[in-house]
Amino acid sequence: MLFKFYLTFYFSQVIQMFHGCKQEDMPPHIFALVQTAYRNLLATRVDQSIVMLGHSGSGKSTCMKHALQYLCAASTSQNSAVNGNNLH
């Protein structure tokens, strides 16, 4: 249980570090990639795609879970242009 707390704390800290940053300003990370796709979605209003590729057992599902966690955190922030009040 303690491990889960630290994992949650780690993710919230890392999400805050990547939120709103440009990909070229940050180290390679799934959150940087997702932030770029999210920024392009808001700027262009065109659907974005992220394709996870790799061999069996390479972490595609885990990577996608982290991507979705980041999108949920980024899209529900108070400073975000997209929130529950203006989604159709």
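Q: What share of the contacts between residues at least 6 apart in sequence joins residues at least 24 apart?
A: The model is a predicted one. Within it, 40% of the contacts between residues at least 6 apart in sequence join residues at least 24 apart.

Q: What makes the pattern of the protein α-α-α?
A: The protein has 3 helices and 0 strands. Read along the sequence, these elements give the pattern α-α-α.

Q: Why is Phe-18 called buried?
A: Buried means under 20% relative accessible area. Phe-18 has a relative accessible area of 1%, so this residue is classed as buried. Phe-18 is found in helix H1.

Q: What does Phe-18 touch, residues up to four places away in sequence not counted?
A: The partners of Phe-18 beyond four places in sequence are Met-26, Pro-27, His-29, Phe-31, Ala-32, Gln-35 and Tyr-70. As for C-alpha distances, Phe-18 and Ala-74 are 9.6 Å apart in space and 56 residues apart in sequence.

Q: Why does Arg-45 count as exposed?
A: Exposed means over 50% relative accessible area. At 60% relative accessibility, Arg-45 therefore counts as exposed. Arg-45 sits in the loop between H2 and H3. Although Arg-45 is not a glycine, its phi is positive, at about 60°.

Q: Which residues does Met-52 touch beyond four places in sequence?
A: Contact means heavy atoms within 4.5 Å. Met-52 touches Ile-30, Lys-60, Cys-63, Met-64 and Ala-67 when residues up to four places away in sequence are not counted. Met-52 is placed in the loop between H2 and H3.

Q: What is the volume of the largest pocket, and which residues are closest to its centre?
A: The largest pocket has a volume of about 200 Å³. Its lining has 12 residues, and the closest to the centre are Ala-37, Tyr-38, Gln-48, Ile-50 and Leu-71. Helix H2 (30-44) and helix H3 (60-75) are the elements that give two or more residues to this lining. H3 gives the most, with 5 residues.

Q: What classes of residue make up the lining of the largest pocket?
A: The lining has 9 nonpolar and 3 polar residues. Asp, Glu, Lys and Arg count as charged, and the lining has no charged residues.

Q: How do you know which parts of the model carry the lowest and the highest confidence among its elements?
A: The mean pLDDT is 61 for helix H1 (residues 2-18), the lowest among the elements, and 89 for H2, the highest. For the protein, the mean pLDDT is 76, and 72% of its residues reach 70 or more.

Q: Where does pLDDT stay under 50?
A: Over residues 82-88, pLDDT stays under 50. For these residues the model has 7 contacts beyond four places in sequence. Where pLDDT is low, the predicted coordinates should not be read in detail.

Notes:
Residues numbered from 1 in each chain as written. Predicted model: local features only at pLDDT ≥ 70, side-chain atom pairs only at ≥ 80, totals over all residues. Heavy atoms only, no water. Helix = DSSP H or I, 4+ residues; strand = E, 2+ residues; numbered from the N terminus. 1 Å grid on protein atoms, 1.4 Å probe; cavity = no way out; pocket = protein on both sides within 12 Å on 5 of 7 lines; lining within 4 Å. Points joined across faces, edges and corners; volume = space filled by probe spheres on them. pLDDT = per-residue confidence, 0-100. Buried < 20%, exposed > 50% of the residue type's maximum accessible area, 1.4 Å probe, protein only.
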